[in-house]
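Q: Hi! Could you walk me through this one while I have it open?
A: Happy to, let's start with the ligand site.

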Amino acid sequence: YSIKTMAATAVLLGTVSTAFADGHAVTLRGASMFDEDHSFTKTLREFERLVAENYDGDVAFDLRLNGELGVESDYVTYLNQGVAVDYTILAPSNMAVFSESIPLMDMPFLFRDLDHWNAVLASDAFAPLEDDLREAAGIVIVGYHGGGVRNLVSAEPITSMEELADHRMRVMGAPIQALTFDAVGAAPAAIAYNEVYNAIQTGVIAGFENEAASIQNLKFYEVAPHISLTQHTITVRPIVMSAAIYDELPADLQAAIMTAGAEAGAFGRALESGADGEILQEMSDAGQIVIHEFAGRDQMLEMVQPVQDAYAAELGATELLESVRGM
Ligand code: MAV
């Protein structure tokens with residue numbers, strides 16, 4: 001191996017060993033599906049800044065934006081294998097392939113409101129899920145971003161349970177997501193995020209569900225301009241690292257990462273939850289979306305609870321779910 005080949009290999013693997021390539025002791029590679037304006041990217045930038053601030057050694061970051069390295073379902077595989085992506089922000093439901101329990105964190109109708117969401121994230125209720133993720137997926141949670149509210153996004157308005165019936169909509173890859181929307185009468189299908197825009201445009205599906213920041217950043221309103229305020233999810237979006245990479249880092253860098261993750265998460269949650277309503281308003285003012293009230297939210301909630309109960313029971317997580325509900 002020449003130094004050059006090793007450097008090239010190191011770049012491919014995107015890890016600690018990129019020292020050869022750019023002269024830094026440690027270079028970590030990150031990934032975002034969005035541009036600099038999205039709260040995920042801003043939170044990852046804040047994370048980088050805080051790691052550097054809290055660490056005495058030499059660490060550099062190489063954050064790839066705009067889906068250059070794919071979508072979250074790709075990042076999960078990379079993190080698991082310890083290649084290409086070292087840190088990112090992920091929807092728990094996109095990690096279901098490796099951990100059946102992690103999607104419990106972001107199942108629809110888990111949180112009553114922002115206060116409840118805040119209380120749960122301030123507790124250690126999710127610790128058993130974090131442990132399972134590390135064990136089963138090789139992914140370490142270093143902080144929690146989130147705070148977007150997910151609504152139905154569709155080509156035609158969906159304002160009632162009747163209009164929701166058999167609505168062909170995309171959901172994230174976790175079985176609990178499909179089970180939930182199936183239970184309320186829709187016709188959900190798991191489709192990769194980077195295929196959603198085309199699938200709606202070509203009529204393969206009639207819509208999906210998402211939060212304001214991402215609808216705006218990826219211009220989903222161009223094909224799905226109708227937002228129905230089902231407000232079914234307040235997002236939980238862990239800042240994550242590959243355990244294979246994290247475990248190889250010096251202890252003081254690991255400590256800096258944990259501190260930075262917690263702080264960057266708090267920064268990001270305030271940012272996204274604070275901007276959610278404003279972004280909807282911006283898109284509405286710009287004539288990009290039409291916002292509709294949704295009449296059946298209470299009914300949805302009632303229909304979904306047994307599905308949540310069954311999922312938790314299957315995981316042996318009934319107590320966890322009860323304690324989250326009780327907060
Ligand atoms: C939004 O862009 C984010 O919540 C992101 O974390 C998800 O992966 C994505 O939606 C999605 O629906 O897959």
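Q: Nice. How far is an oxygen atom of the ligand from an N or O atom in the side chain of Y193?
A: That distance is 2.7 Å. For reference, a polar contact is a pair of N or O atoms within 3.5 Å; within protein, one must be able to donate a hydrogen and the other to accept it, and residues adjacent in sequence count only if both atoms are side-chain atoms.

Q: How much of the ligand does the protein bury?
A: The protein buries 100% of the 310 Å² that the ligand exposes when taken alone. Areas come from the Shrake-Rupley method with a 1.4 Å probe, and for residues only the protein chains shown count as cover.

Q: Before I go on, what kind of model is this, and how are residues numbered?
A: This is a predicted model, where local features need pLDDT of at least 70 and side-chain atom pairs count only at pLDDT 80 or more, while totals for chains, interfaces and linings use all residues. Residues are numbered from 1 along each chain as its sequence is written, and side-chain values use heavy atoms, with hydrogens and water left out.

Q: Back to the ligand, then. Which residues come nearest?
A: E72, N94, R170, Y193 and E211, out of 14 residues around the ligand. Being near means that a heavy atom of the residue lies within 4 Å of the molecule.

Q: What are the distances for E72 and N94?
A: E72 has a polar side-chain atom 2.6 Å from an oxygen atom of the ligand. For N94, an N or O atom in the side chain is 2.8 Å from a ligand oxygen.

Q: How does the shell divide into nonpolar, polar and charged?
A: There are 6 nonpolar, 3 polar and 5 charged residues. Ala, Val, Leu, Ile, Met, Phe, Trp, Tyr, Cys and Pro count as nonpolar, Asp, Glu, Lys and Arg as charged, and the others, Gly among them, as polar.

Q: Where is K219?
A: K219 is in the loop between α10 (212-217) and β8 (226-242). Its phi is positive too, about 55°, and K219 is partly exposed at 40%.

Conventions:
Helices (H or I, at least four residues) and strands (E, at least two) are DSSP runs, numbered from the N terminus. Buried means under 20% relative accessible area, exposed over 50%, partly exposed in between (1.4 Å probe, protein chains only).
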